Structure formats: structure tokens, C-alpha cells
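Please look over the model below before reading on. The points that follow are meant for someone new to it.

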Amino acid sequence: MSLKKDAKKIFKKGILYDNPILVQVIGICSALAVTNRMMNSLIMGIALSFVTAFSSMTVSLLKSRTPRHIRMMVQVLIISAYVIIVDIFLKAYMIDMSKALGPYVGLIITNCIIMGRAEGFAQSNPPLLSFLDGLSSGFGYTLVLLFISLVRELLGFGTVFGRAVMPQNFTKWTLMVMPPSAFFILALIMWAAYNLRTKKEKEGVEKK
Amino acid sequence: MIDVHPFVIFIASIFTSNMIFSNFLGMCSFIAVSKEIPTAIGLGVAVTMVLSFTTVLNYIVYWNILVPFGLEYLMYIVFILVIAAFVQLLEMVMERYLSNLYYALGIFLPLITVNCAILGVSLFMVARQYDFLQTFMFSVGSGIGWALAITAMAGIRSKLNENSIPEGLRGAPITLIITGIMALAFIGFSGMVQIQ
């Protein structure tokens with residue numbers, strides 16, 4: 001029963017209060033690079049959730065056997081093993097996606113979210129909880145990615161998941177396809193998220 | 001793409017396809033460390049150094065060991081190991097012989113291992129199939145481009161301290177917006193030379 005409660009708490013934390021991108025500002029390299037199309041973001045999000053969840057679990061399983069001073073090295077190796085699995089899977093079943101994401105699949109290894117969860121949570125928690133924790137951080141990341149790419153794809157190409165939604169005479173915003181827009185949109189989302197959070201906190205204080 | 005002149009790649013990797021402004025690599029430390037100019041320069045120099053050496057090392061390992069044995073799928077693990085080992089080695093050598101610089105860089109050195117720009121340049125080098133000289137120029141250029149970006153950002157941010165920014169925008173969001181404006185400015189270079 002308590003596991004269910006813990007899981008709920010972990011998910012709330014990963015997606016809302018401790019969202020890796022909006023609150024901790026980590027792992028944004030790939031968040032910016034792959035968000036010009038929604039499909040890319042979705043696949044990237046799933047891949048990252050997979051790697052984070054399983055590497056957190058593995059780190060947690062091995063935590064009592066890993067010597068402390070080489071644990072970073074061990075974590076990096078575990079993470080890259082899972083990234084290789086993702087890469088081979090993409091190459092085998094989704095060759096177009098693999099080409100579109102290019103080197104950014106490999107760059108999941110250096111995504112600070114995974115290291116952060118392994119170091120900050122999995123190192124001192126049981127395997128199942130670590131798995132859920134990794135999954136929730138991955139979901140938080142995926143949601144932000146999808147939101148950024150929704151704005152960019154809608155305004156940049158006039159499509160959502162590759163389907164045309166905007167009217168025929170819609171003028172495409174070329175800027176949205178180019179890198180700068182990713183910076184602007186992420187900054188605006190962070191601003192909005194900050195305001196939402198502080199508003200909630202203030203309300204909480206008043207209620208007390 | 002293979003017959004691009006190495007010097008063109010050098011210029012292009014500094015300006016038109018800058019690691020930060022057009023490939024979004026190394027953003028984490030870019031945002032965290034760009035508060036003061038001296039530390040930004042220190043990190044920039046360290047990244048440029050590590051980047052140049054590890055990319056060349058990775059080039060040698062990839063084409064001379066991984067490709068002949070058909071082990072390309074191990075690329076990620078091997079690259080990250082080379083980078084981590086090199087950073088560790090550099091740290092030990094610097095502690096012994098250049099202790100001033102070592103203490104000045106201090107915490108940044110180990111952090112370089114997880115800087116996506118380093119691994120990213122190695123992966124781009126493989127994806128674009130550069131030859132040795134092109135790889136060398138690409139890695140040095142990318143390093144300089146990264147250092148240039150972080151130094152410029154630190155300069156802007158140190159001026160920013162005196163301005164009143166909306167509360168929610170302080171810290172990371174405003175840095176992202178400035179980066180976006182700088183990226184717009186760097187797009188102006190894109191007519192000059194173009195590499196993928």
C-alpha cells in the first residue's frame with residue numbers, strides 16, 4: 001500500500017515540483033535540439049524515459065557493490081549500455097527517426113537528468129522506487145518537450161504530428177524552425193511555470 | 001561534404017554552426033557557469049583543450065580500432081570512456097605541474113566529462129565523415145566557438161545584475177532569452193560559409 005503512495009508522490013514530484021527542465025534546469029541541450037517536430041520530441045522523450053528508468057534501477061541494484069570513488073564511471077557505463085540498446089532499436093525499426101535525431105540519440109548519455117537521478121535518488125533508494133523515479137523524471141521531460149515542439153511545429157510548419165491543421169493560406173513562421181525560437185519558447189514556459197508555482201505556494205501559505 | 005576545406009570548417013564551426021547557438025550543445029554548463037567573466041574564460045579554455053584532444057583521440061580510435069573490427073555500435077561507450085579517462089589524466093597532470101591553473105579551474109574539470117559539447121563534437125565528426133585534418137580543425141573551432149559564446153554571455157550577464165528583471169525571469173530564463181537573441185545575431189554569419 002505504501003508503495004502506491006510513494007509512487008504517486010514520486011510522479012507528482014518528477015512532473016510538477018521537481019520537473020528536470022523547468023525547475024532544475026538540467027538536460028536542456030537535447031530539449032532544444034529535437035523540438036522542431038513533435039514526432040522527434042515524442043520519440044526522444046520515450047527514449048530518455050526508458051534510459052533513465054532502467055539505468056536508475058540498475059544503479060540502485062548495484063549500489064552496495066560499487067566502490068564509491070569509481071561510481072561515476074560505473075554510472076556512465078550503465079547509461080551508455082542502455083543508450084546503445086535504444087540506438088540499435090531505432091536503427092532497426094525506425095530508420096527515418098534515427099536519421100532525424102542523428103547524434104542526439106548518443107547525447108542522451110551526457111544528459112544531466114539521468115546522471116542526476118542516478119546520483120541523487122537511485123544511490124540511496126530501492127530498485128523499484130528508483131525505476132519509478134526515473135520514469136517520472138522522463139515523463140516530466142517528455143511533457144515539456146512536447147509542449148515546446150507543439151508551438152514550434154504549429155507555427156513553423158502549420159502541422160501537428162505531421163498532419164496539417166492550419167488553413168491553407170497560413171504564413172509559416174520561418175523563425176520557429178530556426179534555433180533561436182527554441183530558446184525563447186523554453187524561457188517563456190519557465191516563466192509561466194515559475195508564476196504558477198509561486199501562486200500555488202502563496203495560496204498554500206494563506207490557507208495555513 | 002568530404003572535400004570541404006579544413007579552414008572553412010574551422011571558421012564555420014566558430015560562427016555559422018556554433019556549438020551553442022545552432023546545435024544547442026553544452027547548454028547546462030553554459031547556463032550554470034556564465035555568471036562571471038574570469039570563470040567563464042577558464043572553463044572556455046579548459047573545454048577547448050579537452051575538446052581538441054579527445055576528438056582527435058576518438059577519431060584515431062574510431063577509424064583504427066572500431067571500424068576494422070566492425071565494432072561501430074560500441075562507439076558511445078568507447079567515446080565516453082576516452083573522454084572520462086582523458087579528463088582524469090589531465091586533472092592529475094595539472095595537479096602535479098600546473099597547480100595554479102588546476103585550483104583555478106577546480107570543480108569545472110570533472111564536470112567537463114558530462115559536457116554534451118565534447119561528446120557531441122565526436123559524434124558529429126563520425127556522422128559527417130571528416131578526415132583527420134578536418135576533424136582537428138572542427139574540434140579546435142568548436143572549442144573556440146564555445147569559449148567565445150560563454151565569455152560573451154558572461155559579459156552580458158555581469159551587466160545584467162544591475163537591472164530589474166521580472167522575478168520569474170531571473171536566472172535561467174533570462175539567460176535563455178539572451179542566448180536566443182545572440183543566436184539571432186549569429187544567424188547573420190550564415191551567409192558567409194555553410195557546413196551541415
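**Notes on the model**

1. Start with the core. The largest nonpolar core has 115 residues, and C29(A), L32(A), V51(A) and L186(A) touch the most other members. A nonpolar core here is a set of buried Ala, Val, Leu, Ile, Met, Phe, Trp, Tyr and Cys residues joined through C-beta atoms within 7 Å. Buried means that 20 or more other C-beta atoms lie within 10 Å of the residue's own; exposed means 12 or fewer, partly exposed is in between, and C-beta atoms are placed from the backbone. α8(B) supplies the largest share of this core, 10 residues.

2. A word on conventions. This is a predicted model: local features need pLDDT of at least 70, side-chain atom pairs count only at pLDDT 80 or more, and totals for chains, interfaces and linings use all residues. Residues are numbered from 1 along each chain as its sequence is written, while chains are lettered from A and ligands numbered from 1 in the order in which they are written.

3. Next, confidence. The predictor gives the complex an ipTM of 0.80 and a pTM of 0.83. Chain B has a mean pLDDT (the predictor's confidence in each residue, from 0 to 100) of 83, and 94% of its residues reach 70 or more. Within chain B, confidence is lowest in helix α6 (residues 108-112), at a mean of 72, and highest in α8(B), at 90.

4. Chain B has 9 helices and 0 strands. Helices (H or I, at least four residues) and strands (E, at least two) are DSSP runs, numbered from the N terminus. Of the 196 residues of chain B, 45% count as buried. The C-alpha trace of chain B spans about 60 × 45 × 25 Å along its principal axes.

5. Look at helix α1 (residues 6-14) of chain B. Its buried residues are I9(B), F10(B), A12(B), S13(B) and I14(B). They pack against α8 (132-160) of chain B.

6. Now the interface. In chain B, 33 residues are in contact with 32 residues of chain A. Contact means C-beta atoms, placed from the backbone, within 7 Å. α9(B) gives the most to the side of chain B that touches chain A, with 9 residues. C29(A) reaches across: among the residues that it touches are F24(B), L25(B) and C116(B).

7. Is F147(A) buried, exposed or partly exposed? F147(A) is partly exposed, because 16 other C-beta atoms lie within 10 Å. F147(A) sits in helix α7 (residues 127-156) of chain A. F147(A) and I46(A) are 101 residues apart in sequence and 15 Å apart in space, C-alpha to C-alpha.

Methods. Contact = placed C-beta atoms within 7 Å. Lists of a residue's contacts leave out its neighbours within four places in sequence.
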